[in-house]
Amino acid sequence: MNNLWYQTLNKPPLTPPAAYFPIAWGILYTLMFLAFLLVLFQKNNKDKYIAINLFVLQLFFNLIWSYLFFGLKSIELALLDVILLLIAVIFTTIYFFRLSKPAGFLMIPYLLQVVFALYLNLGIQLLN
């Protein structure tokens, strides 16, 4: 990660300190993994297949965000990615709820964090 570049950017209000991100994402990935396991052990049906595919899709968008933002230094592509991520997480959460209420609830903090990430990314886009 290129911290020097990030440090030069204007950031929106409520931007947390850098130490927030590894702690928050560590917790969120744990919750996501637990939710995924709950869905994985549900009986096989169409909703389970869709839920697993949506989970993989949102995970892809999640993982490429850092590359787009920090690697390519493309705030615009990262913003597009986080919008697609939010859409994928919303649908993933809906399908997780259909299969397992606890799995759906475990996804809520992640969904909220992605909304916050959209706010931060959009704020950086508008301020720079």
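**Entry 1: two loops**

I started with L14, which sits in the loop between α1 and α2. A reminder before going on: this is a predicted model. I looked up the backbone of L14 and found phi near 75°, a positive value in a residue other than glycine. Most residues other than glycine have a negative phi, so I made a note of this one. Is L14 buried or exposed? Its relative accessibility is 66%, and since exposed means over 50%, L14 counts as exposed.

I then went to the loop between α3 and α4, where K73 lies. K73 is not a glycine either, yet it has a positive phi of about 55°. Its relative accessibility is 36%, so I wrote K73 down as partly exposed.

**Entry 2: salt bridge**

How many salt bridges does the structure hold? I found one. It joins the side chains of D47 and R98, at 3.8 Å from N to O. The pair links distant parts of the chain, with D47 in helix α3 and R98 in helix α4, 51 residues apart. Side chains of opposite charge can pair when their charged atoms come close. D47 has a relative accessible area of 25% and is partly exposed, while R98, at 51%, counts as exposed.

**Entry 3: N121**

Next I turned to helix α5, where N121 is found. Why does N121 count as buried? Its relative accessibility is 1%, and buried means under 20%, so N121 falls in that class. What does its side chain face? A polar atom of the N121 side chain lies 3.3 Å from the backbone oxygen of I75. I also listed the contacts of N121, leaving aside its neighbours within four places in sequence: W65, F69, I75, A78, L79 and V82.

**Entry 4: the largest pocket**

Last, I looked up open space. The largest pocket holds about 580 Å³. I counted 23 residues in its lining, and those nearest its centre are F21, W25, W65, S66 and F70.

Which helices supply the lining? I found at least two residues from each of α1 (3–8), α2 (20–40), α3 (46–71), α4 (75–99) and α5 (101–127). By class, the lining has 17 nonpolar and six polar residues, and no charged ones.

Notes. Residues are numbered from 1 along each chain as its sequence is written. This is a predicted model: local features need pLDDT of at least 70, side-chain atom pairs count only at pLDDT 80 or more; totals for chains, interfaces and linings use all residues. Side-chain values use heavy atoms; hydrogens and water are left out. On a 1 Å grid over the protein atoms alone, a cavity is a set of points where a 1.4 Å probe fits but cannot get out, and a pocket is an open set with protein on both sides within 12 Å along at least five of seven lines; lining residues have an atom within 4 Å of a point. Grid points are joined across faces, edges and corners, and a volume is the space filled by probe spheres set on the points. Helices (H or I, at least four residues) and strands (E, at least two) are DSSP runs, numbered from the N terminus. Ala, Val, Leu, Ile, Met, Phe, Trp, Tyr, Cys and Pro count as nonpolar, Asp, Glu, Lys and Arg as charged, and the others, Gly among them, as polar. Buried means under 20% relative accessible area, exposed over 50%, partly exposed in between (1.4 Å probe, protein chains only). A polar contact is a pair of N or O atoms within 3.5 Å; within protein, one must be able to donate a hydrogen and the other to accept it, and residues adjacent in sequence count only if both atoms are side-chain atoms. Contact means heavy atoms within 4.5 Å. A salt bridge is a side-chain nitrogen of Lys or Arg within 4 Å of a carboxyl oxygen of Asp or Glu.
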